[in-house]
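Subject: Structure for you to look at

Dear colleague,

I am handing over a structure that I would like you to read through with care, and my notes on its pockets and its ligand follow below.

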Amino acid sequence: MLRSFLLYLSERESLKNLLVSRSLGRRMAARFIAGEHLDDAVRAVRQLNSEGFDVTLDFLGESVHAAAEAENACQVYLDILDRIQAEGLCSHISIKPTQLGLALDEALAEQLLGRLAGRAAILHNFVRMDMESSAHVEGTLRVFHHLNAPRHALGVVIQSYLYRSGKDVEELVKFGARVRLVKGAYHEPSEVAFPCKADVDANFIKLMQSLLVSGEYHAIATHDPRMIAATQTFARARGLRSDQFEFQMLYGIRRQLQRKLLQQGYRVRVYVPYGKEWYAYFMRRLAERPANLLFLLRNFFRA
Ligand SMILES: Cc1cc2nc3c(=O)[nH]c(=O)nc-3n(C[C@H](O)[C@H](O)[C@H](O)COP(=O)(O)OP(=O)(O)OC[C@H]3O[C@@H](n4cnc5c(N)ncnc54)[C@H](O)[C@@H]3O)c2cc1C
């Protein structure tokens, strides 16, 4: 219930305005967000790269209300790609399609994503289209299918909590797509998503197996030791080398586990978000583990 409540709050403007304007809010968010400026994020990427991690950078923002905002976000991402190149950083970029106007004008989002994928292809970099709530899955996959021309430069995300994902993975595998597999972070009704965590986990394992045997390079994005162990066991049984797929985890979450995987010889990519629009992202992280809320509040009142 607390998870649903926190996800409900993640869409409330009034709480957003309250939290974002207070230093309390910014201090609480700092555990999950690299900072508000690109320089902060670049510092975090350098540090992670020096420890052996790859990165994917996320300029926080979603559900823009005007075409100009989408174009602005696209320009920021073009600048990020150039900065990654100029500084020799080991980082991809991750984008929420509604940040590029998907919910406003699908053709605009497609055009902007096409621009980013084209630029990434020239720079030998990679753009990951994050997956948002179920209302946007169809549109996101449509845009992805239209644009997947420089195949090596664009990838998408599949959420194991959705009933439809088995079918989507089948299609994507035929298409030679590169997929990041996650459990799913949004509040979804039982008409579209498994309400029970055990089913989400079982589906995650099934989808992971379909992806790993496909021959493409996929990302298994989870902090769940059971999902990670299942992936390692399956990969070993199929004779896959540890550089034929990668694990991904979020900035600030289960850092010891991230390091352990690196030490075991796996590729680990850390998802590093930055920017002023951290509220919805932050609330989703609290919803994933409501104990975070108590931990953050306790630390705050102790300080
Ligand atoms: C790299 C990456 C990219 C992602 N991209 C997307 C996306 O595009 N679309 C989407 O819907 N979702 C995305 N997610 C989020 C994902 O869907 C899950 O909500 C999130 O990863 C939690 O699920 P889990 O697999 O870690 O397993 P869970 O069963 O939720 O967690 C397993 C364990 O991990 C730890 N943990 C998990 N979350 C937290 C947290 N917030 N704080 C502290 N500890 C935690 C806890 O110890 C928990 O017991 C992404 C996740 C990652 C790692």
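Which elements each supply at least two residues of the shell around the ligand? They are S4, S5, S7 and H12, where helices (H or I, at least four residues) and strands (E, at least two) are DSSP runs, numbered from the N terminus.

Before going further, please keep in mind that this is a predicted model, in which local features need pLDDT of at least 70 and side-chain atom pairs count only at pLDDT 80 or more, while totals for chains, interfaces and linings use all residues. Residues are numbered from 1 along each chain as its sequence is written, and side-chain values use heavy atoms, with hydrogens and water left out.

The ligand

The ligand is surrounded by 26 residues, and the closest are Met131, Gly184, Lys197, Thr222 and Glu288; a residue counts as near if one of its heavy atoms lies within 4 Å of the molecule. S7 provides the largest share of this shell, with 3 residues. By class, the shell has 10 nonpolar, 6 polar and 10 charged residues, where Ala, Val, Leu, Ile, Met, Phe, Trp, Tyr, Cys and Pro count as nonpolar, Asp, Glu, Lys and Arg as charged, and the others, Gly among them, as polar.

A nitrogen atom of the ligand lies 2.7 Å from a backbone N or O atom of Met131. A polar backbone atom of Gly184 is 2.6 Å from an oxygen atom of the ligand, and for Ala185 the distance from a polar backbone atom to a ligand oxygen atom is 3.0 Å. Of the 920 Å² of accessible area that the ligand has on its own, the protein covers 88% (by the Shrake-Rupley method with a 1.4 Å probe).

The pockets

The ligand sits in the largest pocket, meaning that more than half of its atoms lie within 2 Å of the pocket's grid points. A pocket is an open set of points on a 1 Å grid over the protein atoms alone, where a 1.4 Å probe fits, with protein on both sides within 12 Å along at least five of seven lines, and lining residues have an atom within 4 Å of a point. The largest pocket has a volume of about 1,200 Å³, and of its 42 lining residues the closest to its centre are Lys183, Gly184, Ala185, His223 and Glu288. H12 gives the most to this lining, with 4 residues.

The second largest pocket holds about 750 Å³ of space, and 28 residues line it.

With best wishes

Methods:
Points joined across faces, edges and corners; volume = space filled by probe spheres on them. Polar contact = N/O pair within 3.5 Å; in protein donor to acceptor, adjacent residues only side chain to side chain.
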